Amino acid sequence: MRACQLSLLTSVLLGSCLYASPTQGLNSAKIISTLTARYGERAGLRANAWFKVLNKAEHVDELEKLKMVNQFFNLFRFIEDKVLWGDSNYWATPMEFIGVNGGDCEDFSIAKYFTLLQLGVSEDKLRITMVKATTMNQYHMVLAYYPTPSAIPLVLDNLDREIKPATQRNDLLPVYSFNGKQLWLNKEKGRGVLAGSSSRLKKWNDLKHRLGVDRLRQPKLKME
């Protein structure tokens with residue numbers, strides 16, 4: 001399994017201001033039926049399984065929410081954007097990721113991020129983080145969770161599927177991180193240096209405009 005390629009930071013900077021927020025009032029029947037119609041019966045079954053995770057995780061503590069969400073999405077297939085979407089760097093929405101049953105590291109991280117927001121985890125505790133995976137000499141994306149502002153983050157990853165503190169992931173060198181509010185340039189395993197609003201990330205803004213089930217993209221490759 002390969003880690004995903006890094007898009008140069010300068011190529012993704014620029015865009016209008018748009019902030020992340022939990023997707024409130026999800027219509028499960030509409031989402032399941034739409035994914036079924038768009039991607040097939042198994043997509044609808046995955047959406048139904050996702051809702052079951054949401055319902056069950058609503059009643060557990062945050063660490064258990066992390067484990068449940070990380071475990072659920074790590075069952076999905078890793079596949080490069082170029083093969084799946086015909087695009088060298090496409091950030092799929094969680095609904096597209098669930099629909100097609102796979103994606104690359106950005107898609108795993110993004111799906112986990114929005115699912116945890118939906119479960120009530122504060123976005124101040126979450127960072128989608130670009131790292132250098134040193135064992136493969138490639139760039140990669142993970143989700144970091146900060147229990148407190150000064151804590152060492154926990155890393156949710158599709159390569160090493162066990163949630164670990166960043167200090168135990170010596171194979172990862174942080175490059176930059178962001179959430180719905182801010183962008184950080186990372187020079188260590190901590191929070192990093194504030195570099196402005198996450199609205200500077202063009203692909204993030206594009207992704208936010210496509211959330212939901214009204215703008216679903218068809219993949220180039222059918223995996224089912």
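1. How much space lies in the second largest pocket? About 170 Å³. This is a predicted model: local features need pLDDT of at least 70, side-chain atom pairs count only at pLDDT 80 or more, and totals for chains, interfaces and linings use all residues. Residues are numbered from 1 along each chain as its sequence is written, and side-chain values use heavy atoms, without hydrogens and water.

2. A pocket is an open set of points on a 1 Å grid over the protein atoms alone, where a 1.4 Å probe fits, with protein on both sides within 12 Å along at least five of seven lines. Its volume is the space filled by probe spheres set on the points.

3. Lining residues have an atom within 4 Å of a point. For the second largest pocket they are L26, S28, F51, L54, N55, E58, Q118 and L119. Four are nonpolar, three polar and one charged. Helix α3 (residues 41–57) gives the largest share, three residues. Helices are DSSP runs of H or I, at least four residues; strands are runs of E, at least two.

4. Now the backbone. Most residues other than glycine have a negative phi. N101 has a positive phi, near 70°. N101 sits in the loop between α6 (94–100) and β2 (102–103).

5. Is N137 buried or exposed? N137 is exposed (over 50%), with a relative accessible area of 58%.

Definitions and conventions: Nonpolar A, V, L, I, M, F, W, Y, C, P; charged D, E, K, R; others polar. Buried < 20%, exposed > 50% of the residue type's maximum accessible area, 1.4 Å probe, protein only.
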